[in-house]
Amino acid sequence: MKIKRKIVEIDESLCDGCGSCVPSCAEGAIEVRDGKARLVAEKFCDGLGACLGDCPTGALRIMEREAEDFDEQAVEHYLNEKETRQPQEAPPVVSKCPSAGVMTFPSASECSRANAPRTNVSSESQLTHWPVQIRLVPPTAPFLKGADLLVAADCTPIAYPAFHQDLLKGKVVLMGCPKFDDVEEYVQRFADIFKAADIRSVTVVDMEVPCCSALPMIVRKGAAAAGKQIPVGEIVIGRQGGIVHRDQCAA
């Protein structure tokens with residue numbers, strides 16, 4: 001039943017998809033989908049606004065409107081359901097952010113190792129330049145000219161074992177963390193790079209955690225600020241090391 005009450009509203013034009021609001025909502029009413037924070041369901045939001053203080057862009061506000069009544073039992077059922085869908089996850093840390101959740105992955109059994117496909121992939125490094133951190137690479141760096149960029153979240157080379165051979169080969173890599181670094185600084189740095197260098201394409205490699213999902217949006221904002229139309233693809237790495245999503249345009 002719908003009643004007039006207070007509820008969180010998300011301004012998508014201001015939301016950069018950083019995911020800071022997600023762990024602040026104890027009811028799990030907010031998720032990052034398609035690079036934007038969104039309400040999972042009206043009945044999960046209690047309207048108290050605990051998430052507002054953690055939004056760096058001011059995209060969240062409390063408004064009064066017709067909405068489904070807050071359903072505490074539905075919230076409990078929803079949270080329990082989420083818990084059962086992730087049986088391998090350890091209890092969350094205080095921040096509740098999935099990117100900071102402590103997890104232990106089971107070791108591969110002798111049988112699985114014996115049946116694993118054998119490849120002749122070279123173990124040589126495919127890194128062709130230095131520095132690699134987004135904040136340290138000057139927009140006029142010669143290796144950026146006409147490059148296909150690989151913009152990688154800091155955790156991805158650790159999570160994905162064939163990072164060099166499968167993803168880095170033939171590309172110029174820029175690395176960073178949208179959770180701990182300055183998002184606006186990143187946007188400006190990419191804008192400067194896109195203005196100065198004739199970048200051919202960008203492949204963003206990030207993790208399947210909310211704060212990482214902001215990385216493609218940052219790159220696109222930088223391209224828009226530079227007035228450039230550059231193909232941007234995304235590859236999402238799971239926390240156990242596999243590719244869980246890959247855009248068709250991701251090289």
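1. Start with Arg-5. In this predicted model, Arg-5 sits in strand S1, which covers residues 2-10. Arg-5 is buried. Even so, Arg-5 has no salt bridge. The nearest side chain of opposite charge belongs to Asp-69, 4.4 Å away.

2. Leaving out residues up to four places away in sequence, Arg-5 touches Glu-42, Lys-43, Cys-45, Asp-46 and Gly-47, among others. The list also includes Met-63, Glu-64, Arg-65, Ala-67, Glu-68, Asp-69 and Phe-70.

3. Next, the hairpin. Strand S2 (residues 30-33) pairs with strand S3 (residues 36-39). The sense is antiparallel, over four bridges. Ile-30 has Leu-39 in S3 as its bridge partner. Two residues lie between S2 and S3. Asp-34, in the turn, has a positive phi of about 55°.

4. Now confidence. Mean pLDDT for the protein chain is 84. Of its residues, 83% reach 70 or more. Where is confidence highest, and where is it lowest? Strand S5 (residues 148-153) is highest, at 97. Helix H2 (residues 110-114) is lowest, at a mean of 55.

5. One stretch calls for care. Over residues 87-96, pLDDT stays under 50. The model has eleven contacts beyond four places in sequence for this stretch. Where pLDDT is low, predicted coordinates should not be read in detail.

Methods
Residues numbered from 1 in each chain as written. Predicted model: local features only at pLDDT ≥ 70, side-chain atom pairs only at ≥ 80, totals over all residues. Heavy atoms only, no water. Buried < 20%, exposed > 50% of the residue type's maximum accessible area, 1.4 Å probe, protein only. Lys, Arg positive; Asp, Glu negative; His and termini not counted. Salt bridge = Lys/Arg side-chain N within 4 Å of Asp/Glu carboxyl O. Contact = heavy atoms within 4.5 Å. Pairing = 2+ DSSP bridges. pLDDT = per-residue confidence, 0-100.
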